[in-house]
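Please open the structure in your viewer and keep the selection panel at hand.

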Amino acid sequence: MTGKRIGEGRTAEVREYATGKILKLYRADIPAEYVEHEYEVSKYVHKQGIQTPQPVELVTLEERKGIIFQQIHGSSMLRLIGEKPWRLGGYARQLASLHHDLHKLQGPEAFGKQKESLRSSIIAAPMLTLEEKTPVLERLEQLPEGDRLLHGDFHPDNVLIDGQAWTIDWMTGMSGNPAGDAARSVMMFSMGALPPGASLATRLVTGFIRQRLTKGYIREYLRLSGLSYAEVNAWVLPVASARLTEGIPLAEKEQLVREIRRRLRSK
């Protein structure tokens, strides 16, 4: 049976389960099809040889959906960056390599298509006017389709390190163009509002780490993929607009809106 809680995020909590296993138990308001989607994508990725915890079984507990996974005894890369910031350059390159490796895989269309997902989110995005959404949607239509496996939420907190690197959390896995997936990562690395009242020192250190992580990641990702910076940067506007529908702090949404409007004005 389940044991103590060992972690939690916006969509789920993680509990001890049987020996060598954990239970990712989703919050009651998470639709069952989202959980089933993560299970199917996780199974596919694991079978393709990507280093990801093996999904064992879909379960229902306390009227909530869950997935039993292989347990990984490691720390998130985000935590390690905080503990060992002098290794930031190496972590940035490792992130880029992991991301590029999964982009080599075919992304089954049954997992959903990137541009369709972005289009729906942009239309529903709060804080943007119709006059702002229209050119964003036009830019999206001009971007190239793709058929690669995308993670959809690739950042250091979704990589566990135990001597090896494990990519986790596949709820947003889909098929599409890797440049858009990389653009989302760049946006998440470089943006994000700090808690109110954060000290000047905290702001300076956080800003430095974000800048180094973003530059190190994109430099290595472009080298490995052969993409240009312009090809990745072209996706930032629609990806940032779509992110406004997510459960992120208001201050971060305001930061995104400023960046979206800056880009709209500059084109």
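**First stop: the second largest pocket**

Begin by selecting helix 6 (178-190), helix 7 (200-225), helix 8 (229-233) and helix 10 (250-266): each of these supplies at least two residues of the lining of the second largest pocket. Please note that this is a predicted model. Among the helices, the most is given to this lining by helix 6, with four residues.

Next, display Val186, Ser190, Tyr229, Val236 and Arg263, which lie nearest the centre of the pocket among its 13 lining residues. The lining of the second largest pocket comprises eight nonpolar, three polar and two charged residues. The volume of this pocket is about 220 Å³.

**Second stop: the largest cavity**

Rolling a probe the size of a water molecule over the atoms shows where empty space is left. How many cavities of 30 Å³ or more are counted in this model? The count comes to one. The largest cavity holds about 30 Å³ of space.

To see its surroundings, select Lys113, Gln114, Lys115, Glu145, Gly146, Ser175 and Gly176, the residues that line the largest cavity. Helix 4 (114-124) and strand 10 each contribute at least two residues to this lining. The lining of the largest cavity contains no nonpolar residues, four polar and three charged.

Remain with strand 10, which spans residues 174-176, and select methionine 174 within it. Is methionine 174 buried or exposed? Methionine 174 counts as buried because its relative accessibility is 15%, and the cut-off for buried is under 20%.

Now show the residues that methionine 174 touches, leaving out those up to four places away in sequence: Phe111, Gly112, Lys113, Gln114, Ser117, Arg148, Leu149 and Leu150. The C-alpha atoms of methionine 174 and glutamate 8 are 23 Å apart in space, and the two residues are 166 residues apart in sequence.

Finally, select the loop between strand 7 (148-150) and strand 8 (159-161), where asparagine 158 is found. With a relative accessible area of 3%, asparagine 158 is buried.

Which backbone oxygen does the side chain of asparagine 158 reach? It is that of aspartate 153, at 2.9 Å. Apart from neighbours within four places in sequence, asparagine 158 is in contact with His151, Asp153, Trp166, Thr167, Ile168 and Asp169.

Key
Residues are numbered from 1 along each chain as its sequence is written. This is a predicted model: local features need pLDDT of at least 70, side-chain atom pairs count only at pLDDT 80 or more; totals for chains, interfaces and linings use all residues. Side-chain values use heavy atoms; hydrogens and water are left out. Buried means under 20% relative accessible area, exposed over 50%, partly exposed in between (1.4 Å probe, protein chains only). Contact means heavy atoms within 4.5 Å. On a 1 Å grid over the protein atoms alone, a cavity is a set of points where a 1.4 Å probe fits but cannot get out, and a pocket is an open set with protein on both sides within 12 Å along at least five of seven lines; lining residues have an atom within 4 Å of a point. Grid points are joined across faces, edges and corners, and a volume is the space filled by probe spheres set on the points. Ala, Val, Leu, Ile, Met, Phe, Trp, Tyr, Cys and Pro count as nonpolar, Asp, Glu, Lys and Arg as charged, and the others, Gly among them, as polar. A polar contact is a pair of N or O atoms within 3.5 Å; within protein, one must be able to donate a hydrogen and the other to accept it, and residues adjacent in sequence count only if both atoms are side-chain atoms.
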